Amino acid sequence: MIEDILLAAAGAAAALAVYLSAAARVVKQYERGVVFRFGRLRGEVRSPGFTMIVPVVDRLHKVNMQIVTMPVPAQEGITRDNVTVRVDAVVYFKVVDAAEALVRVEDYKFAVSQMAQTSLRSIIGKSDLDDLLSNREKLNQGLELMLDSPAIGWGVQIDRVEIKDVSLPETMKRSMARQAEADRERRARLINADAELQASKKLAEAAHQMAEAPSALQLRLLQTVMAVAAEKNSTLVLPIPVELLRFLERATPEPGASPQPPQPVAAPEPPPPPMPPIEDFTGPSVDPAPRDQAA
């Protein structure tokens, strides 16, 4: 009798252990458990920790709630300004509703990947090359909005979208390099021209100052001689003022021309005598003789 009781207790303990091993489940902190009973969603989502299900009847699906980093394969497209580029991106998303992620879509990761590739192609066709290279923040926001709208119904939230790289053809790279080089050369020429303008203004001011004080030119000449002599050279270069060269050029006659004697200077003619003043004379009137008497 006692042996039968012990055997029955041992069998019951073994059955209980098997049942507990089949019914016991552990949900990790970053997971949520979704229970389906005979194919229908059962109750609320199971929180992290130890939980129990009915063996054979229930099925527990664990859904990862961590942020998923998904690379988007490089997509080749033509921009709005007719440039062929290859763009790849990275999508960061997470599941916010485990039940919706299992029920609404067959494979939410595959769905997000395909939607990201399609949206990336659409963004390439709507954007210019300059926007893809320099205005990526705006494009990232546009991609995020395009992905987040349908993903909300799947229980998935798009956390962030980043364009990782933009590949250009080699001809376009060379053209952009030439453009950047030409722009830098233009700025260098403008800077040199501005420096020449400022230097010419300063030299003009210095020339005006030396013209007002001729001794300043001599002092400047002496300073130049001292600067040259300080280098301990065997040859001393002495600058000659330009005014001296011009004076010598005017004073030196041309080769082959005979010197002309000085021309005598004619004495100035004396001024004519002044005319006498004309007086107003009024004499007696004389009648003319008749013609017959004169004859």
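The legends below describe close-up views of a predicted model.

In this predicted model, local features need pLDDT of at least 70 and side-chain atom pairs count only at pLDDT 80 or more, whereas totals for chains, interfaces and linings use all residues. Residues are numbered from 1 along each chain as its sequence is written, and side-chain values use heavy atoms, with hydrogens and water left out.

**View 1. Helix H5 (residues 136-151) and its span.** Helices (H or I, at least four residues) and strands (E, at least two) are DSSP runs, numbered from the N terminus. H5 has 16 residues and reaches 22 Å from its first C-alpha to its last, close to the 22 Å expected at 1.5 Å a residue, where the expected span is 1.5 Å times one less than the number of residues.

**View 2. The buried and exposed residues of H5.** Leu-139, Asn-140, Leu-143, Leu-147 and Ala-151 are buried in H5 (buried means under 20% relative accessible area, exposed over 50%, partly exposed in between, with a 1.4 Å probe and protein chains only). Seen down the axis of H5, these buried residues fall within an arc of 100 degrees and so line one face of the helix, the arc being that of the directions from the helix axis to the C-beta atoms. The face turned away from the buried side carries the exposed residues Glu-137, Lys-138, Gln-141, Leu-145 and Ser-149. The buried residues of H5 pack against strand S7 (84-95), helix H3 (108-126), helix H4 (129-134) and strand S8 (156-167).

**View 3. Ser-119 in helix H3.** Ser-119 counts as buried, because its relative accessibility is 5%. A polar atom of the Ser-119 side chain lies 2.9 Å from the backbone oxygen of Met-115. When neighbours within four places in sequence are left aside, Ser-119 is in contact (heavy atoms within 4.5 Å) with Leu-143, Met-146 and Leu-147.

**View 4. Gln-114 in helix H3.** Gln-114 is partly exposed, with a relative accessible area of 35%. Gln-114 and Pro-73 are 41 residues apart in sequence and, from C-alpha to C-alpha, 9.8 Å apart in space.

**View 5. Confidence along the protein chain.** The mean pLDDT (the predictor's confidence in each residue, from 0 to 100) is 80 for the protein chain, and 79% of its residues reach 70 or more. Confidence is highest in S7, at 92, and lowest in helix H9 (residues 291-294), at a mean of 44. Where pLDDT is low, the predicted coordinates should not be read in detail.

Note on methods. Polar contact = N/O pair within 3.5 Å; in protein donor to acceptor, adjacent residues only side chain to side chain.
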